[in-house]
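Dear colleague,

I am passing the structure on to you with this message, and below it I have set out what was found. Please read the notes alongside the model.

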Amino acid sequence: MRTPPTHTPYDGSSTPFTIGLRPLDIATWLEIDDHYEAYLVEKRRLIAKDVEAVFRAEPETEAAQAEVLGLVREHLVDGFPAVFPGTRQWEAALAALDAVASEDHPRLLAASLLVQEDLVLMRRGEEGWRLAAASLCFPSSWSLAEKFGKPMHEIHAPVPGFGAGTRNADLIARMFDNLRLDRPVERLNWSLQTDAELHKPMSSQALDERAASRTPRFGDAPAQNAFVRVERQTLRKLPVSGDILFTIRIFLDPMPVLDRHPERASLARSFAAQLASLDERQLDYKGLTADRDRLVAALERKAGEPVAAG
């Protein structure tokens with residue numbers, strides 16, 4: 001039986017399509033759960049299948065990549081003494097690490113094979129902060145090949161309210177510029193998908209086509225068929241390179257898991273309210289336009305009371 005979800009941003013603590021940053025306790029920077037080995041197996045499979053699809057790096061990022069690898073290993077050994085070192089999980093991770101951590105292989109890729117998180121290196125340039133390197137096995141409806149090397153305002157262009165010239169884009173740029181070594185931050189985000197796949201890339205063209213088609217995705221029982229995908233994102237400034245490391249951890253649960261949550265009614269009520277509050281552009285972006293009303297109705301039933309739309 002699945003345990004209740006670890007993170008529930010749909011409980012009202014986070015609002016969709018807002019920045020929603022909060023201070024990060026560095027002791028909780030990386031998270032490990034019972035799916036640790038399964039995530040690493042899937043990462044190794046994706047890397048073996050097509051490494052360029054899940055890893056890109058500018059050549060001058062080698063030192064920063066090594067810095068990340070050192071921070072990750074130190075955090076795992078210090079923060080998870082019950083797991084690292086000496087356990088089966090640790091030995092499997094090190095075996096994967098040894099396979100790539102040679103002079104001919106990038107250190108960021110090696111670091112990613114120790115953790116469930118994806119690792120993205122952001123670097124300041126003339127156009128602002130750009131995606132300079134990434135090990136991205138579990139993207140949520142975007143493509144590393146399309147976003148690599150681009151500044152943040154271009155990366156966020158498809159997101160309603162986050163493109164170039166928007167208030168959110170300016171706030172993010174200033175936040176990156178002012179991020180302090182001793183003040184890492186985190187945020188949570190959610191989406192819904194039709195299956196249990198972690199690897200969910202999507203090109204800009206496919207994203208536009210999904211938004212335009214407004215095709216129902218979850219069948220006649222969307223609250224039974226949907227999977228809730230939560231992203232936990234962290235940002236910390238690297239002390240040597242001055243780059244910013246952006247981590248993305250995916251938590252994926254079938255929506256019926258909410259039925260066993262001790263706060264089931266309040267979670268369902270808040271989730272319904274968040275869905276009901278999304279405008280047309282936001283619904284199109286998330287691919288929920290055709291299913292929103294049925295999802296809200298199903299969550300209302302779980303909560304035992306109606307939630308008014310918009």
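What covers the buried residues of helix H9? The cover includes helix H12 (280-286), where contact means heavy atoms within 4.5 Å. Before going further, please note that this is a predicted model, in which local features need pLDDT of at least 70 and side-chain atom pairs count only at pLDDT 80 or more, whereas totals for chains, interfaces and linings use all residues. Residues are numbered from 1 along each chain as its sequence is written, and side-chain values use heavy atoms, with hydrogens and water left out.

To stay with H9 (residues 204-213), its buried residues are Leu207, Arg210 and Ala211 (buried means under 20% relative accessible area, exposed over 50%, and partly exposed in between, with a 1.4 Å probe and protein chains only). These three lie on the same side of H9, because they cover an arc of only 95 degrees around the axis, the arc being that of the directions from the helix axis to the C-beta atoms. Gln205, Asp208 and Ala212 are exposed on the face turned away from that buried side, and the helix is followed by arginine 214, which has a positive phi, near 50 degrees. Helices (H or I, at least four residues) and strands (E, at least two) are DSSP runs, numbered from the N terminus.

Helix H1 (residues 36-49) buries Tyr36, Tyr39, Leu40, Glu42, Lys43, Leu46 and Ile47. Seen down the axis of H1, these fall within an arc of 160 degrees, so they line one face of the helix, while Ala48 and Lys49 are exposed on the other side.

Serine 14 sits in the segment before strand S1 (22-23) and counts as buried because its relative accessibility is 14%. Apart from neighbours within four places in sequence, serine 14 is in contact with Pro9, Leu188 and Gln274.

Finally, a search of the whole structure finds 1 cavity of 30 Å³ or more (on a 1 Å grid over the protein atoms alone, a cavity is a set of points where a 1.4 Å probe fits but cannot get out, and lining residues have an atom within 4 Å of a point). The largest cavity has a volume of about 40 Å³, and its lining consists of Pro5, Thr6, His7, Tyr10, Val228, Val230, Phe251 and Asp253. Strand S6 (227-237) and strand S7 (244-254) are the elements that give two or more residues to this lining.

With best regards

Conventions: On a 1 Å grid over the protein atoms alone, a cavity is a set of points where a 1.4 Å probe fits but cannot get out, and a pocket is an open set with protein on both sides within 12 Å along at least five of seven lines; lining residues have an atom within 4 Å of a point. Grid points are joined across faces, edges and corners, and a volume is the space filled by probe spheres set on the points.
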